[in-house]
Amino acid sequence: MSVPQGSCPVDPSQMEALLLDMATGLLALVKPEEELVLLGIRSRGLPLAERLAEKLRALSGAPIPVGSLDITLYRDDLTEMVGSPIVRPTEIPFTLKERTVVLVDDVLYTGRTVRSAMDALLDHGRPRRVMLVVMAERSGRELPIQADLAGIRVEVPPGHRVAVSVREIDGTDGITVEAC
Amino acid sequence: MTSERYVFPHKHLLGIEPLSPRDITALLDQAQAFEEVCERPNIKIVPALRKKLVVNLFFENSTRTRNSFEIAEKRLSAEIINFDADTSSLNKGETLIDTAMNLQAMHPDLIVMRHSAPGAHTLLARHMKASIINAGDGSHEHPTQALLDAYTLRKHFGRLEGLRVAIVGDIRNSRVVRSNLWLLNRMGAKVTLVGPPTLVPQEMKQTWPGIEICHDFDAVIPEQDAIMMLRAQFERGTGAYIPGQGEYSRFYQLNPARMKRARKDVVVLHPGPINRGLEITSDVADGPNNLILDQVTNGVPVRMAVLFLLSHPHGEQVP
């Protein structure tokens, strides 16, 4: 999917449909015996993980535990950040041992957030396997990391920002592309 | 939680006095995030201060504060050098400035210092590029103690504003009191200072007009949400101001009889080390209302928050 700058590739009603597709796609990727847990990467990965878990529950009938991961302390650019990094709580009130952990984030771009998230995650336990699900995937990877599943794939030139909005944080759902 | 755009504007933590309510809230919120790290079942270490060098420079004895800082530094993956006054060249006549210059040559990022002279930290801050953290300076300030006290109170009550806190004992010689007065006043708590007239300087009301001073402990107990007992510091000369330890205990010891006058849900704090049987009895210090060991536990995430916020680029950089 290629979108011009400033356009709105996904509107609020489409986002719910994308989440449902992602839930269906995710169930197809895991074996029935795997115990799934979702970890949302703060900030926007968390509400997405919670909504994805609802859809998975509706589809499979089983409740899926959801936790949150704050990756600030694991960022590789922490010392170069301008302003004070604000660390928010990581909440994983369940064991990761032998589970299939699905990391959920809004956008996959350079891959550095996911690299940090994997470091953070492994400090909490040793899962059986780790998967990555994102709402929007774009090109520009700086690390050998790829998503197992993406809501949409957008082609945008460098210097542009793909922004996922979620109603829990931004008041509305949507995906936009802006010049930055 | 503070907003994403907030910038902690200080390079050093020399005291609570220069901090705004927003700065204090930011530190306490960060400490909350670090408490999660400290309570993890597995790895209680995060790489946030990797490759940063922290020097612990203690010119005065301290077990609790120093260990607490060292644990905080280790949990943040910092490189640590412990520099004890006993083993240093200070005994050979080196001045504080010389010591500072020598340390500067090793390019530390943060220096945690305890020194008996108020102002030693300001002097050091002027001569060094590193961020200076005051771990206690004479009877002037002990900012991380006040922050961990506030953190403990906020965690228990969910707020600081409007809390009624009595601070009891050797007010005159206590740096903990001064830092707590700056902090609690700024955050809207109502503080009453309690102790014998010789140990509670009236002029403190000029610096902190919002406070009450009372010499009758029994009279103020019933209305307090929290009672913070101070250590009677005979090593700092408390003895010169009071007739005797027995007399002191009779009027200002927190014991079961006095606890009966207090609200059922009152909490008892003490910065330690405790003189059991002097300012507080064991049954109160170990009783159901005490948060004394919570204070010790909370000291680590609070100090992690201080180290973390100071070790990252600052805004306009006010001291």
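This is a predicted model: local features need pLDDT of at least 70, side-chain atom pairs count only at pLDDT 80 or more; totals for chains, interfaces and linings use all residues.
Local features are taken at pLDDT of at least 70 and side-chain atom pairs only at pLDDT 80 or more, whereas totals for chains, interfaces and linings use all residues. Residues are numbered from 1 along each chain as its sequence is written, with chains lettered from A and ligands numbered from 1 in the order in which they are written.

**View 1. The largest nonpolar core, with 140 residues.** Such a core is a set of buried Ala, Val, Leu, Ile, Met, Phe, Trp, Tyr and Cys residues joined through C-beta atoms within 7 Å, where buried means that 20 or more other C-beta atoms, placed from the backbone, lie within 10 Å of a residue's own. The residues with the most contacts inside this core include A:Val104, B:Ile111 and B:Met228. Its largest share, 10 residues, comes from helix H12 (residues 292-310) of chain B, helices being DSSP runs of H or I with at least four residues, and strands runs of E with at least two, numbered from the N terminus.

**View 2. B:Ala146 in helix H5 (residues 143-157) of chain B.** B:Ala146 is buried because 26 other C-beta atoms lie within 10 Å. Beyond residues up to four places away in sequence, B:Ala146 touches B:Ile16, B:Val176, B:Ser179, B:Asn180 and B:Leu183, a contact being a pair of C-beta atoms, placed from the backbone, within 7 Å.

**View 3. A:Tyr109 in the loop between strand E3 (100-108) and helix H3 (112-122) of chain A.** With 19 other C-beta atoms within 10 Å, A:Tyr109 is partly exposed, a class that falls between buried and exposed (12 or fewer). Leaving aside neighbours within four places in sequence, A:Tyr109 is in contact with A:Arg138 and A:Gly140.

Definitions and conventions
Two residues are in contact if their C-beta atoms, placed from the backbone, lie within 7 Å.
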